[in-house]
Amino acid sequence: MTIAAVPPADAEPADVDMSTVDLSDRDWWTTPPGYRHAAFDRLRRERPFAFFAEPDLPGIPAGPGYHAVTRYAHLEAISSQPAVFCSGRGAVSMQDVPAELHEFYGSLISMDDPRHARLRRIVSKTFTPRMLERTLDSVRAVVDDVLARARATAAASDGAIDVVADIAAPIPLRVICDMMGVPEQDRPSVLANSNVILSGGDPELIENDDPLTAFLTAGMEMAALMERLAAERLAEPRDDLTTALVTTEVDGEQLSHQEIASFFILLLVAGNETTRNAISQGLLALSEHPDQWARWAADPALDRTGVEEVVRWVSPVTWMRRTATQDGEIGGHRFTAGEKFLLFYAAANRDPEVFADPQRFDVGRDPNPHVGFGSKGPHFCLGAHLARRELQVTFRAVFDQLPDLEVTGPPDRLASSFVNGLKRLPARLGGER
Amino acid sequence: MRVTADREVCVGSGQCELLAPDVFEVDDDGAVRVLQEHPDAAAAVRDAVSQCPTGALSLAE
């Protein structure tokens, strides 16, 4: 299905032709966010469990379809009952994961307790506020270096930079690769494979319109990197996450090859893509709301609430999936075992039942109980504290070191329902602000 | 006020450690340890208990 005309960015809910809204159509996700949120308003109000067919991807059979959960209360109720609404049949794809992809993508994000909790606790200590406090200086050093390089790039190209390639992508890539112990020369391939894995099938990132082969190839390359590093760490352990994955025993056993490979891929991909899009789309939102830019830049006390508002506003991960393990009823909707539910965090984060004036971008918003890192339940974002830290350091550093940053053109949006991503965001340095 | 933790349910998300660092710590096993069983910081501890993603914390007055 294609969209007949480009819908207006400032659409009101009443303007949306609901017959054209198909959450499975990746092109729909490149429409302006204002239009998409107007459509979410209608769904939340009128069809809180709207049913959609699954998309056809070559080589990946479509299943029975899914319900789009758009109200905050419903989303929280489902997320907090993992025994009734499981993750083990797939959390990050509308379709069940084909067997050949399971080795690389069957990670703890698509796993249920007790196994999920046991695996997660191997790394959870590394991501706690206390432990991350120790890495603050290294995050600052990465951010300062990336911004200095962006300045140099601008100087060599008449002021022009790409916010995505020059600021938003390198910061989380370097931070997570440092934590995992990925050598410098392997990082470009980590970035390229992350992009494929979370492309949502965007044709720019998938060769020959063959997503199954592309996902397999990306998974195999990441697993090959893991195997090399695993052998090195077993011979010579270090103080990094990869060493923890290959040396820790759970229930008296080492992790299986499949568990290590999918865990390694999850940490690298999730550590990369989500924070990148919070940075790029956060800077876009600030440039669209210059009053909020000026207010936040002038007041470091807003770093905490500003970052939370960016995560609410952007909702870098648009949804996660749950599958019913039994028959039941929720919010007046009767469901049967096997029904799929997509939890639309992006919609819940603008629910007027929870957020005052939800379509307003307010860097001082407090309280802000957003679900940008997930809702109640065992799958709450493992990297939330790391992401907060990276984002607080990055926005403050941009305000201080790149006060002349000016977005010069519209962004190029990733055609994905799953990741709210930007591929490019043109900007310039050196102009008058 | 007495606070207890269920370490089987805990996934070590560290939300409690963020909100009340004197009372909670995610330990080397990746699960929460209660540092003060009878904490003073009542408001922060109530927040931590109510915001725990897995409901691993409970309070008795």
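**Figure 1. Contacts and overall build of chain B.** Take the contacts in chain B between residues at least 6 apart in sequence: 57% of them join residues at least 24 apart. Here, two residues are in contact if their C-beta atoms, placed from the backbone, lie within 7 Å. Keep in mind that this is a predicted model, where local features need pLDDT of at least 70, side-chain atom pairs count only at pLDDT 80 or more, and totals for chains, interfaces and linings use all residues. Residues are numbered from 1 along each chain as its sequence is written, while chains are lettered from A and ligands numbered from 1 in the order in which they are written.

Chain B has two helices and four strands, and from the N terminus on they run β-α-β-β-α-β. (Helices, H or I with at least four residues, and strands, E with at least two, are DSSP runs numbered from the N terminus.) The C-alpha trace of chain B spans about 25 × 20 × 15 Å along its principal axes. Its radius of gyration is 10 Å, which agrees with the value near 10 Å for a compact globule of 61 residues. That radius is taken over C-alpha atoms, and the globule rule is 2.2 Å times the number of residues to the power 0.38. In chain B, 44% of the 61 residues count as buried; a residue is buried if 20 or more other C-beta atoms lie within 10 Å of its own, exposed if 12 or fewer, and partly exposed in between, with C-beta atoms placed from the backbone.

**Figure 2. Chain A as a whole.** Now for chain A, with its 16 helices and 14 strands. Its C-alpha atoms fill a box of roughly 65 × 60 × 45 Å, taken along the principal axes. With 433 residues, a compact globule would have a radius of gyration near 22 Å, and the 21 Å of chain A agrees. Buried residues make up 50% of chain A. Of its contacts between residues at least 6 apart in sequence, 73% join residues at least 24 apart.

**Figure 3. An open sheet in chain A.** Five strands of chain A line up as β1-β2-β10-β7-β3, with mixed pairing. The edge strands, β1 (49-52) and β3 (85-86) of chain A, each pair on one side only. Two strands pair if DSSP finds at least two bridges between them. β1(A) and β2 (residues 66-69) of chain A run antiparallel, joined by four bridges; A:Ala50 has A:Ala68 in β2(A) as its bridge partner. Helix α2 (residues 72-79) of chain A lies across β2, β3, β7 (319-324) and β10 (340-344) of chain A, at about 125 degrees to β10(A). Axes are lines fitted to C-alpha atoms, for helices over the stretch in contact, and angles run from 0 to 180 degrees between N-to-C directions.

**Figure 4. Two helices packing in chain A.** Helices α12 (residues 257-288) and α16 (residues 384-401) of chain A pack at about 35 degrees, their axes 10 Å apart. Residues of α12(A) including A:Ala278 and A:Leu283 meet residues of α16(A), among them A:Leu391 and A:Phe395.

**Figure 5. Where the chains touch.** Here 15 residues of chain A are in contact with 15 residues of chain B. On the chain A side, α4 (115-124) and α5 (129-133) each supply at least two residues, with the largest share, five residues, coming from α4(A).
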